[in-house]
Amino acid sequence: MVREEVAGSTQTLQWKCVESRVDCKRLYYGRFILSPLRKGQADTVGIALRRALLGEIEGTCITRAKFGSVAHEYSTIAGIEESVQEILLNLKEIVLRSNLYGVRDASICVKGPRYITAQDIILPPSVEIVDTAQPIANLIEPIDFCIDLQIKRDRGYQTELGKNYQDGSYPIDAVSMPVRNVNYSIFSGGNVNEKHEILFLEIWTNGSLTPKEALYEASRNLIDLFLPFLHAEEEGGQYTYTIGPFE
């Protein structure tokens, strides 16, 4: 809670979760309010939080798959119903939960006939699959099938050009965006003498973290972003500050 001056009086600025639900394993929803705010503050906070939630939250996903020797991503593999491209698209849909950094290895190694799902992925420690029922491929013949995977924690959306590799290794468009959507709305409150604003914030996530966790991380990222300005020192008419080393 924060003490805030509103129309000449001191009131408590407070967040509150007014609705929280799980629509499915890969879709969480949360609705929050922040009040009371002075006129114009709700829009400032809403815009900043929406951008931070959609662009600054880190997520973990599969970034590369290696099948062995295949000609191109549109190839078919004997004994498998899906093409390589369809398998890549299914791998792209898998949602992971982890705090790891850097690139980690994972794999799938099964024998058909059987249906391969996310549950068949052999993961490194500290990595979890949000929805183990996510389909990957259907083995329709008694074949041995293995895929080597790479997992990475990042932020945003990264597309990969040129997906044809002679060694059968294919990059996957990385969707490291745990927050699926954010909406905010503003309502006016108070009386004629004491007007204030109420900010309503709606957050949808992919299940790798809750909307409350996403809101906490976005708020922390915004605070860290502006900390250098709070520690600025005026020297010779210029403001200077020191930031840590980049990773």
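Are R26 and D131 buried or exposed? Both are buried. Here, buried means under 20% relative accessible area, exposed means over 50%, and partly exposed lies in between, for a 1.4 Å probe and protein chains only.

## Basis of the model

This is a predicted model, in which local features need pLDDT of at least 70, side-chain atom pairs count only at pLDDT 80 or more, and totals for chains, interfaces and linings use all residues. Residues are numbered from 1 along each chain as its sequence is written, and side-chain values use heavy atoms, with hydrogens and water left out.

Helices (H or I, at least four residues) and strands (E, at least two) are DSSP runs, numbered from the N terminus.

## Salt bridges

R26 and D131 also meet through their side chains, in a salt bridge of 3.5 Å, N to O. A salt bridge is a side-chain nitrogen of Lys or Arg within 4 Å of a carboxyl oxygen of Asp or Glu. This pair links distant parts of the chain, 105 residues apart. R26 sits in the loop between β2 (9-24) and β3 (27-37). D131 sits in the loop between β8 (128-129) and β9 (135-139). By the salt-bridge rule, the count comes to ten.

A second bridge joins R155 to E56, with the closest N and O atoms 2.6 Å apart. R155 lies in strand β10 and E56 in the loop between α1 (41-55) and β4, so the pair ties together parts that are 99 residues apart in sequence. R155 is partly exposed at 32% relative accessibility. E56 is partly exposed too, with a relative accessible area of 34%. The side chains of K111 and D144 form another bridge, at 3.6 Å, N to O. K111 is in strand β6 and D144 in strand β10, so this contact connects parts 33 residues apart in sequence. D144 counts as exposed, at 61% relative accessibility. Salt bridges with shared partners also join E56, E58, R153 and R155 into one network.

## The disulfide

The structure holds one disulfide. The term covers a pair of cysteine sulfur atoms within 2.5 Å. C109 is joined to C146, with an S to S distance of 2.4 Å. The two cysteines belong to distant parts of the chain, 37 residues apart. C109 is in strand β6 (residues 103-111), and C146 is in strand β10 (residues 144-158).

C146 is partly exposed, at a relative accessible area of 36%. C24 is partly exposed, with a relative accessible area of 40%. C61 counts as buried, at 5% relative accessibility.

## Aromatic contacts

Which kind of aromatic pair do F67 and Y170 form? Rings of Phe, Tyr and Trp (its six-membered ring) pair if their centres lie within 6.5 Å; planes under 30 degrees apart count as stacked, over 60 as edge-to-face and the rest as tilted. The whole structure has four aromatic pairs. The rings of F67 and Y170 have centres 6.3 Å apart and planes at 65°, so this pair is edge-to-face. F67 is in the loop between β4 (58-66) and α2 (84-92), Y170 is in strand β11 (residues 169-171), and they are 103 residues apart. Both F67 and Y170 are buried.

F226 and F229 form a tilted pair, 6.2 Å centre to centre, with 45° between the planes. Both lie in helix α3, three residues apart, about one turn of the helix. F226 is partly exposed, with a relative accessible area of 49%. F229 counts as exposed, at 53% relative accessibility.

## Helix α3

Helix α3 (residues 211-230) has 20 residues. From first C-alpha to last, α3 reaches 28 Å, close to the 28 Å expected at 1.5 Å a residue. That expected span is 1.5 Å times one less than the number of residues. The buried residues of α3 are P211, A214, L215, E217, A218, N221 and P228.

## Strand β3

Nine of the eleven residues of β3 are buried, so β3 is largely enclosed by the rest of the structure. Eight bridges join β3 to strand β14 (residues 195-205), and the two run antiparallel. Two strands pair if DSSP finds at least two bridges between them. Y28 stands opposite T205 in β14.
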